[in-house]
Amino acid sequence: MGGTETKRKTRRGKRGGEAKRQTDDPEAVAEQGSTATSAVAPATSSAYVAPPMESAAAPFYIDTQAAADSAEAQAEKISPASYGLVNPDLQKYLKSCEDMLDEQKLGSTEDRDIFINNVYSEMKNFELQLTTDHEASRILEKLFWISNDYQIKRYFAVTREDTIRLVVHRFSSHTIQTLLLLSAIALEREMRGEVCDFADIGGDDSEANGPLAVRTALPTFEELILGLTKTLIPQWSYLMANEYASHILRVLLLVLTGSPIEDQANPKSSIKSKRSVKYMKDRNGAPAHHRSLTAKRAVPVSFGPALKELLQTVSDDMSDLAARGFTSTTVGGTVLQSMLELQAERANIEYPGSLLDKCLMGLVSDKGGSSEVNSARRDAYIKMMIEDVAGSHFLELVMKICSSDLLQKMYDQYFRGNLKALAFHPSSNFVVQSLFANAKSERQLKFMIEGVAPMVGDLLFKNRPGVVRALVDSCLRLESGYLELINALYNGLGAKSADERGELINLLAFLITYADFAKADYSRLQFKLQGSLIIQAILQFPGDGLEPMMDSYFSQDPEKIFSWCKDPSGSRIIEAILKSAQVPAASKRRVLEQYLGRYPELAMDRYGSHIVDACWEVADIQFKEKILRELIKRETQLQDSQFGRFMLRNCRVEQYKRKSSEWRERERGLEKKKLMFRDFLGTTGQPSDSDKKSGGALAPASVGPKAPQHTTFGSKPSTKPKSSDMDEIDSLFNKSSVRVASSDQADKTTIQATAGKVAEADKRGNGLAADKSLEVVMSAISGAKRKKSKSKDKSQDEDKEQSSAKKSKKAKEEERKKRRAFTG
């Protein structure tokens, strides 16, 4: 008996092997007859045995009436797909292909295409069987990421034969998800007409080959996604509760809206669990992220009505009991939250009978007329959900999307008077943070600050500073409540007198009361991350809200402040001061002067080098030269440091040493470009109040004939020297400013209107207009740079030709002399 046969018996197991031996005997087959179904049934528990062809129906089926049944009834009528075991020879072949994919032995692009076409040819007619196999489905995911659009489309079309059973299968669900992700990527190319509906010549589709072949076009990606949506809608509620199908529903919603599917800045938004990502990484699996999935994508117009129909149909058909059940589950809860968020973006969701009303047990539609029994049940349900691990996630979203009236109703009924207990609960404290972070008005924010003020100290020192940070963020968003929050912090930190309040920045950085701070050894105090984040947010406060923090900073010993620069959390505070648009220019100048004579030491430190970068960005040319002179004195030490070498390169020390005039011209050009970008796009932060009054460095320059002021402090207006070798980029901006100055009033009005629209779009968080304007300016800059580089390369080539001609002439002369000497 060969090894292959032994392996096949081992995979089947003991009971599967017995069933196989029985069916191999002709007499046994004749004896089974009508009892085949009962004979097969026990074998299905350990291995798949094909059902009889005539005597009985297939063991797995979909009842077409399942759409009208409850989720429990659907669960009984929908079973995962099963197509039997994969041929061992095909498995072995795919495993060898996986080794080639992992080791990247495919060679050229042409060799890779031939290899992929051959793999698809071997898999033909076994597609559905392979998707349900453990190892084969994982190999398929790798193969899909390097396949062309036609191959993806063809495989996706094959899965339409049995979609529901595939999406609830443990392994094939991941295959369907990968196909859906790649379809979203290819959809933009299809809209531009860059996707071919036919196989390439020599491809894996036999219908597309041969002289008499008929090339039949496959459905488009748009039709495939719309067809998948239409197929899933009737069983949507059941699929939400299925642990394998729920992630496909989330991806489908994001594909229909064109929203980013993977947000690398927010790990919680990932559609793959940490366990899944680790599993694929350990086995050299498909990539977990793709750059095309991290940005907003264009989608066909037909996706809008399809999404609207999906959300409306599912919301109307879902029962109240099912909706409330999904709020406290980790599987269906994520899909439910995505649906509610999409509904809130497109229409009103607060009406009687809405999906949100069903989830909150009628709280939205209740106008005070509910019976005491119903109100008591609802209150118990929502209070339980506030403290539930999964339910708290749902309520966090509700705080974000609900109206001001509903937020006030929930605050009055479930949070007022109970904030302390909820804020210290391991789950409900996140709901409290979301409540504070999403305050809808100044009045609500001040009520919340009043309610939390007596326990600010406990929140800071008992591992709940995130609640305070949420209030700080709301103050920034609503531009209100600054002084009330600062006073609450003073009381919570135990700082009463003026001298004690002068230590505000220390008390927050180390999250310590003043009494403990006065007795502590400063060198042993450790920075707290949450305290650093609170300080960084307060540094964005305008005017009176910022003044206490800056006064506290400048009252500190410079040596202590210098030690902050070498700490990961402390250095962030210094960077926030230098980068804040609210900090006056004079205050930033004082910060820069604190580090004079210490810049080389900072440049060689892992965290201090970031401080030098921040100082360089806000310094004027004169101060930059001071920094450069310090770096040059210790250049040898900086060259030996990993971080020091980066600073020497960023500051262009070599260029300054070689020709300082060119370095100055370049820095002036960079300053002008920053001003032009700020005036044209309006994307920088608002200037501080002191700069507005004094017309200082941070005040925005106006578009017009008036010469703009420098954004950096300490610089004096100077006339640019006329030189024949003026930078072409500078001349480009000079010409643009002259054209603006000499244009008629209509042109001025158009420019101002465009700038206003861009600024308004930026405030709304929509950067599309700003991006388009930025592209226009950047294209002009890149064009000038290319022109300059071409002229520079041309001159260099001419110099090389001249030098080579001189060398060849000298070589010929020397050779002639040698010949004369030899003949002589």
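User: What share of the contacts in the chain with a separation of 6 or more comes from residues 24 or more positions apart?

Analyst: Contact here means heavy atoms within 4.5 Å. Among contacts in the chain with a separation of 6 or more, the part that belongs to residues 24 or more positions apart is 70%. This is a predicted model in which local features need pLDDT of at least 70 and side-chain atom pairs count only at pLDDT 80 or more, while totals for chains, interfaces and linings use all residues. Residues are numbered from 1 along each chain as its sequence is written, and side-chain values use heavy atoms, with hydrogens and water left out; the share asked for is 70%.

User: How many helices and how many strands does the chain have?

Analyst: Helices (H or I, at least four residues) and strands (E, at least two) are taken as DSSP runs, numbered from the N terminus. Counted in this way, the secondary structure of the chain comes to zero strands and 47 helices.

User: What percentage of the 824 residues is buried?

Analyst: Buried means under 20% relative accessible area, exposed means over 50%, and partly exposed lies in between, using a 1.4 Å probe and protein chains only. Of the 824 residues in the chain, the buried ones make up 42%.

User: Which kind of aromatic pair do Phe510 and Phe527 form?

Analyst: Rings of Phe, Tyr and Trp (its six-membered ring) pair if their centres lie within 6.5 Å, and planes under 30 degrees apart count as stacked, over 60 as edge-to-face and the rest as tilted. Phe510 in helix α30 and Phe527 in the loop between α31 and α32 are 17 residues apart, and both are buried. Their rings are 4.8 Å apart centre to centre with 50 degrees between the planes, so by the cut-offs the pair is tilted.

User: Why do the buried residues of helix α36 lie on the same side?

Analyst: In this helix, residues 585-594, the buried residues are Ala585, Ser587, Lys588, Val591 and Leu592. The arc is that of the directions from the helix axis to the C-beta atoms. They lie on the same side of α36 because the arc they cover around the axis is only 160 degrees.

User: Is Thr327 buried or exposed?

Analyst: Thr327 is found in helix α17, and leaving out residues up to four places away in sequence, Thr327 touches residues including Leu336, Cys359 and Phe394. Its side chain reaches the backbone oxygen of Arg324 at 2.5 Å, where a polar contact is a pair of N or O atoms within 3.5 Å; within protein, one must be able to donate a hydrogen and the other to accept it, and residues adjacent in sequence count only if both atoms are side-chain atoms. Because its relative accessibility is 1%, Thr327 counts as buried.
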